[in-house]
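Have the sequence and the structure at hand while reading.

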Amino acid sequence: MSDNLEIVHLKDLTIVRISGKLTAEDYEKFVPEIEKQIEEFGKLRLLVELHDFHGWTLAAVWDDINFDMKHWNDIKRLAIVGESKWEAGMSVFCKPFTGAKVKYFDHTKLEDAKKWLVEEAE
């Protein structure tokens, strides 16, 4: 993994920690890992933690949209945890690209995000 991307798998919960700017190379590493989890567990719960996030390169935006469209029904819930107002806007922006329930949490509410992700599973 690159220095700005960390992925942790906990069965059907995948945690993705992102900092800096995402590139197409990050997606080349990220996508096969997520697809392997989908094959093994079916629908996933995804926690995306953003820290000092600077967005995507143009190629990475395209990769992100392709991933979202391909895996429209493969994500149950998506919690985005961030530090800024524009990151909160990402949760609104991504809703048309996924069938998942999507919710944004401020970085001070990480534990709330984790609880929200597992609510449905209990």
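Strands β2 and β3 run parallel and are joined by 8 bridges; two strands count as paired if DSSP finds at least two bridges between them. One of these links has V16 with V48 in β3 as its bridge partner. The model is predicted, so local features need pLDDT of at least 70 and side-chain atom pairs count only at pLDDT 80 or more, while totals for chains, interfaces and linings use all residues. Residues are numbered from 1 along each chain as its sequence is written, and side-chain values use heavy atoms, with hydrogens and water left out.

**The sheet**

The chain has 4 helices and 5 strands, taken as DSSP runs numbered from the N terminus (helices: H or I, at least four residues; strands: E, at least two). Along the sequence they follow the pattern β-β-α-β-α-β-α-β-α. The 5 strands form an open sheet in the order β1-β2-β3-β4-β5, with mixed pairing. Because β1 and β5 (101–106) stand at the edges with a single partner strand each, one side of each has no neighbour in the sheet. Neighbouring strands are turned by 15° against each other on average, direction ignored; axes are lines fitted to C-alpha atoms, for helices over the stretch in contact, and angles run from 0 to 180 degrees between N-to-C directions.

| Strand pair | Sense | Bridges |
|---|---|---|
| β1 and β2 | antiparallel | 6 bridges |
| β2 and β3 | parallel | 8 bridges |
| β4 (75–82) and β5 | parallel | 6 bridges |

Strand β2 is largely enclosed by the rest of the structure, because 7 of its 10 residues are buried. Buried means under 20% relative accessible area, exposed over 50%, and partly exposed in between (1.4 Å probe, protein chains only).

**Helix α1**

Helix α1 (residues 24–41) has 18 residues and spans 26 Å from its first C-alpha to its last, close to the 26 Å expected at 1.5 Å a residue. The expected span is 1.5 Å times one less than the number of residues. α1 lies across β1, β2 and β3, at about 5° to β1. Its buried residues include Y27, F30, V31 and I34. Among the elements that cover the buried residues of α1 are β1, β2, β3 and α2 (58–70). Just after α1, G42 takes a positive phi of about 80°.

**E83 in its loop**

Is E83 buried or partly exposed? E83 counts as partly exposed because its relative accessibility is 34%. This residue is found in the loop between β4 and α3. Leaving out residues up to four places away in sequence, E83 touches L50, H51, D52, Y104 and H107, where contact means heavy atoms within 4.5 Å. The C-alpha atoms of E83 and D52 are separated by 7.6 Å, and the two residues are 31 apart along the chain.

**The chain and its confidence**

Of the 122 residues, 42% count as buried. The mean pLDDT of the chain is 83, and 85% of its residues reach 70 or more; pLDDT is the predictor's confidence in each residue, from 0 to 100. Confidence is lowest in helix α3 (residues 85–94), at a mean of 62, and highest in helix α4 (residues 110–119), at 93. Where pLDDT is low, the predicted coordinates should not be read in detail.
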